[in-house]
Amino acid sequence: MNKTIKICALGALFLAGMHAAYAQPTTAAPTPKQPADDVVSLFSDHYETTGKGPEPQSYGGDNAVTKDSITINGITDYLLRSSGNSNGVFTSNWSAQKKGTIHLDVYAETSGTFSFGIGTTFSASSQTWLDDYEWPTLEAGTWTSIEVPVVEFVKKGLDDATNVQSIRFKGKGKYYIDNIYAYGEKQEYVAPVDIPIAPTPQHDETENLVKSAFSDSYKRSTKEDPFTVSYAGKISTIKRSYVSDENQFVLEMKNLSTAGVNVSTWDLTKCNFVHIDVYWDGSGDGTFEFGMNKDDWSGKKFSYMENFTWPQLVANDWTSIDIPLAEFASFFQLKIIMLQFKGSGTFYVDNLYGYYEEQ
């Protein structure tokens with residue numbers, strides 16, 4: 001073979017091998033549109049990085065993530081290069097978990113699936129993955145923008161009180177990655193509770209003049225969902241959904257204290273009974289009661305019932321309690337602004353409402 005032809009052939013094979021290894025992007029990643037003051041950036045030429053990362057770890061081999069300098073249309077850009085299921089990329093205290101959405105742009109050599117996991121340590125065993133999330137299928141030879149709500153990671157167990165320390169990529173191809181950042185308002189998430197749904201109330205909303213403070217069965221009569229702590233004190237009540245039906249909600253109460261909870265304004269003037277369903281988890285001694293406050297926003301003038309005997313709750317079951325409002329002698333036919341709960345143990349409260357019933 002002619003020497004010149006041989007050299008050209010070897011050069012062609014080398015270039016073909018390089019192309020087979022990674023097909024570089026011919027266009028830059030999409031320009032981010034989010035305001036800089038709403039972004040915590042990990043890797044992007046468009047935003048100031050909020051940590052010291054990302055720092056790919058030089059493990060070598062097919063699982064390495066590297067930081068490449070690539071010139072596109074005369075402009076030099078830095079991209080992350082990854083293949084298959086990657087080794088970790090250290091994110092150096094990235095506060096993505098405080099934002100609402102994680103964004104990244106991915107260029108794929110071949111069409112296929114791609115996902116990422118994040119962790120609060122660098123250990124692979126601490127990564128939170130979204131295996132059942134509907135990840136987009138990447139199209140070969142083009143950029144795909146991927147956005148994942150942070151709450152999806154929180155639902156899977158991510159500690160959202162701790163900054164993200166690592167990110168790992170998972171896929172079946174070869175990728176370039178750019179513009180990794182988080183932005184937007186964080187969606188709060190409270191895990192659902194795995195207890196039976198409370199009994200369905202039997203009072204007719206119109207006939208019994210039902211005035212509901214908290215129930216999925218009736219229209220709420222108060223200005224908003226109750227149980228916001230309205231003065232200094234420990235937060236003892238959390239609104240949670242049921243595991244068996246995440247469209248229905250229950251109030252979890254634990255570590256009950258002297259803090260009042262807002263029910264402004266719960267108008268019981270036409271009612272003669274108050275109904276409440278209580279589920280006790282068996283902790284503590286199960287004692288439970290509540291008092292009412294009609295005119296003092298400091299929460300220091302609660303009235304408790306002196307003659308009413310609260311029933312003994314049954315562990316791991318619902319107890320329905322109907323209380324004659326006459327027991328609150330000084331409160332009868334008045335408007336309530338606050339409640340105060342007392343008890344020993346963890347309780348779940350549902351179907352809290354007033355109603356009228358002929359005696």
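A search of the whole structure finds 20 aromatic pairs, where rings of Phe, Tyr and Trp (its six-membered ring) pair if their centres lie within 6.5 Å. This is a predicted model, in which local features need pLDDT of at least 70 and side-chain atom pairs count only at pLDDT 80 or more, while totals for chains, interfaces and linings use all residues. Residues are numbered from 1 along each chain as its sequence is written, and side-chain values use heavy atoms, with hydrogens and water left out.

**Aromatic pairs and a cluster**

- Tyr181 and Tyr183 make a tilted pair, with 6.0 Å from centre to centre and 50 degrees between the planes; planes under 30 degrees apart count as stacked, over 60 as edge-to-face and the rest as tilted.
- Tyr181 counts as buried because its relative accessibility is 2%, and Tyr183 counts as buried because its value is 13%. Here buried means under 20% relative accessible area, exposed over 50% and partly exposed in between (1.4 Å probe, protein chains only).
- Tyr279 and Tyr348 form an edge-to-face pair, at 6.1 Å centre to centre and 65 degrees between the planes.
- That pair links distant parts of the chain, with Tyr279 in strand 15 (residues 273-280) and Tyr348 in strand 19 (residues 347-355), 69 residues apart. Strands are DSSP runs (E, at least two residues), numbered from the N terminus.
- Both Tyr279 and Tyr348 are buried.
- One aromatic cluster is formed by Phe288, Phe290, Phe308, Trp310, Phe341 and Phe347.

**Charges over rings**

- Lys239 places its charged end over the ring of Phe249, 4.7 Å from the ring centre. The criterion is NZ of Lys or CZ of Arg within 6 Å of the ring centre and within 35 degrees of the ring normal.
- Likewise, the charged end of Lys342 sits over the ring of Tyr304, 4.3 Å from its centre.

- Three strands form an open sheet in the order 14-18-16, with antiparallel pairing; two strands pair if DSSP finds at least two bridges between them.
- Strand 14 (261-267) and strand 16 (288-293) are the edge strands, each pairing on one side only.
- Strand 14 pairs with strand 18 (residues 335-343) in the antiparallel sense over four bridges.
- Trp266 stands opposite Ile336 in strand 18.

**The loop around Ala124**

- Ala124 lies in the loop between strand 7 (114-119) and strand 8 (143-149).
- Ala124 counts as partly exposed because its relative accessibility is 49%.
- Ala124 and Ser166 are 42 residues apart in sequence and 8.9 Å apart in space, C-alpha to C-alpha.
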